[in-house]
Amino acid sequence: MATFLYRLGRGAFRRRRYVALAWVALLCAAIFGAATAAAPTSGSFSIPGTEAQKAFDLLDQRFPGMAADGATARIVIKAPAGKKVTDPAVKTEVEKIVSGLKTGPGEAQIASVTDPYQAQATSQDGSTAYISTKYKVSGMELTDKTRDALKESGKDAQAHGLTVEIGGDALMTAPETGSGEIIGIAIAAIVLVITFGSLIAAGLPLLTALIGVGIGVSSITALANVLDLGSTTSTLAMMIGLAVGIDYALFIVSRYRAELAEGHARDEAAGRAAGTAGSAVVFAGLTVVIALVGLAVVNIPMLTKMGFAAAGTVVIAVLVALTLVPAILGFAGRKVLPAGTKSKLFGKGKPVRTDKDGKPEERPNGGTRWARFVLRRPVMVLLVGVIGLGAIAIPASSLQMGLPDDGAQPVSTTQRKAYDMLSDGFGPGFNGPLMVVVNGGQSLADSTVERIKKLDGVVAVMKPTLNEAGDAAVITVIPEDRPSSKKTEDLVHEIRAGNGDNVYVTGATAMNIDFSQRMNDALLPYLALVVGLAFLLLMLVFRSILVPLKAALGFLLSVVAALGAVVAVFQWGWLGSLFGVEQTGPIMSMMPIFMVGVVFGLAMDYEVFLVTRMREAYVHGERPGQAVVTGFQYSARVVVAAAVIMIAVFSGFIGASEQMIKMIGFGLAIAVFFDAFVVRMAIVPAVLALLGHKAWWLPAWLDRILPNVDVEGESLRKHLATTGAGAEGPDADRELVKV
């Protein structure tokens, strides 16, 4: 593979104009497709096989005009101090809101509007009332005209002294990440400038990463309606694609500069960089793709599509690193090197520091000094790293999972204000009513109502609503506690326990419970699949059993520690104000499995890039300890820069208004920090120092049957030695003059 990638990189360098033109054309085509495609929707959400999904399917069959999966809105009205919503003047304003919604600009998308006085939706103290509005389509499919009509519905009432706030998913829009990701890119640019000492070299990974992300996200947008992709799919693809795109380009450029420093011609250096660092990029990208595609194990179509779309963006990032990066290096000339660099190609630079005998003085860099420190004290470093991450992981034992509701919104939003008003006026359970669907007639519906009324934790049970055929009914149940509470979850399970095959519990609250349960059930199979496949992949790369095992165990330690940090901040509220967490609550149910997938793939990047260089040194005769030092000498600086960049990119999403995006950004950023700086930079060299030669042991029988992927480039060196490629001469100089 190294030889093939060498030829690919060298060919892209020599035909850089055609390669660059092809990528620009692809970007333009993707942008044009996105601009002309219909706006993406929220995507259809289903959880096949669950009771909540069976109920929705039954509703579609028996209540075809009900729009069971349509958006909902609750306009909560509070009377001025000293007045009640039943007062004639206040009642008139409330009825105006009802009438305006039914006949206003958005009435075409409205399925039903409930009058609070007819539905008895007024609080006992008479201070609060709410209007329930049901739409025919999901929140993301509502037109701007419909959404604006909803927002404006209470303006007149507010002018008359009433307090009007709106909750529900009808106001749902695509999550806004704010300017945080721009700050993340700016930090990445600063890190690249410091790492490379050249503006051109620093700008190159950013440029190529943005091109790759632009193609990926634009393609997702263009195909969103065709493939039924949710609006959050592009956010995930952007988050991961930008991070890995910068990292992969960073490793190629860094290796290219190292090859130039050894005196190779520029096209030869580009080929060697693609053949060596490019091999690591391919396998690092494969681990990320495996982790993302593996989300299909969960059997939730929306999550599967998100994983495949993000994996596609990672594939684009790999292809960009292997072709577009060498092509742009061809345009960069000597500007890719720091000012004053001395090399055989670029002539004299700054004078080389010499010792007292006049010989070049070799000063160990930071990576070399750190590796030597770890080799001197491997047991201490290992214990500090493991115990430290173990302590941070302790909060993970208190993990409570669920899906965020309007109670997790910032207190300044109308959704959160409506949530609080409804809780104060009616009780927290009114924010998450349960929908019980009966597959039977009046008799079964009545008996179901009587049974539910006897259960603890039930505030009210509404009269059953039958369909026209009289063979199905819907019963609304108001729980005592808030939607995301453990008490409400227990109530749902209790209702289901005695229902039989003809009575189902659904609604947003029940759907969230089923979603969380599905994620819990899939975690271990998913973990086994992803870690197992990655273990085999890393065994191919490193020709070892213990190195992949150490990599997997180190990842598990870092991801559990990251979950502990997420629990401490978002569930316990520690340092919550620092990260904009206004309301603590359960951790998003998809967070553990999502972190396992994404962080595993990203963490293996550092394992591959760092340990591959150690493996390369060991194969070429260095002792195990010296191989560790060599790996850090050449890779530590770049790995640190890559980690800082990835942390900066993910941290940018902490500023998102959407709680889910904020939590994902924080979780990924802290996980990368733990994995890169504690596991890969400390625990890994400590373990390798203790293992010695055993780290690279592979049974002879297994060595014979495993294909040789040659990540360390041994076959490439033989090929170059045989062909005599890379020799300097007039061709190299002419190549330089062409720029």
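In helix 17, a kink of about 40 degrees lies at leucine 523, shortly before proline 525; the bend at a residue is the angle between axes fitted to the seven residues ending there and the seven starting there. The model is predicted: local features need pLDDT of at least 70, side-chain atom pairs count only at pLDDT 80 or more, and totals for chains, interfaces and linings use all residues. Residues are numbered from 1 along each chain as its sequence is written, and side-chain values use heavy atoms, without hydrogens and water.

Helices (H or I, at least four residues) and strands (E, at least two) are DSSP runs, numbered from the N terminus.

| Property of helix 17 | Value |
|---|---|
| Length, residues 508-542 | 35 residues |
| First to last C-alpha | 48 Å |

Arginine 543 follows helix 17 and has a positive phi, near 50 degrees.

Four strands form an open antiparallel sheet in the order 2-3-1-4, where pairing requires at least two DSSP bridges. Strand 2 (110-113) and strand 4 (163-167) each have a single partner strand, so one side of each lacks a neighbour in the sheet. Seven bridges join strand 1 (residues 72-78) to strand 3 (residues 128-135); valine 76 has tyrosine 130 in strand 3 as its bridge partner.

Glutamate 468, in the loop between strand 8 (465-466) and strand 9 (473-479), counts as exposed (over 50% relative accessible area, 1.4 Å probe, protein chains only) because its relative accessibility is 87%. Glutamate 468 and arginine 62 are 406 residues apart in sequence, with a C-alpha to C-alpha distance of 8.5 Å.

How values were computed: Expected span 1.5 Å × (residues − 1). Buried < 20%, exposed > 50% of the residue type's maximum accessible area, 1.4 Å probe, protein only.
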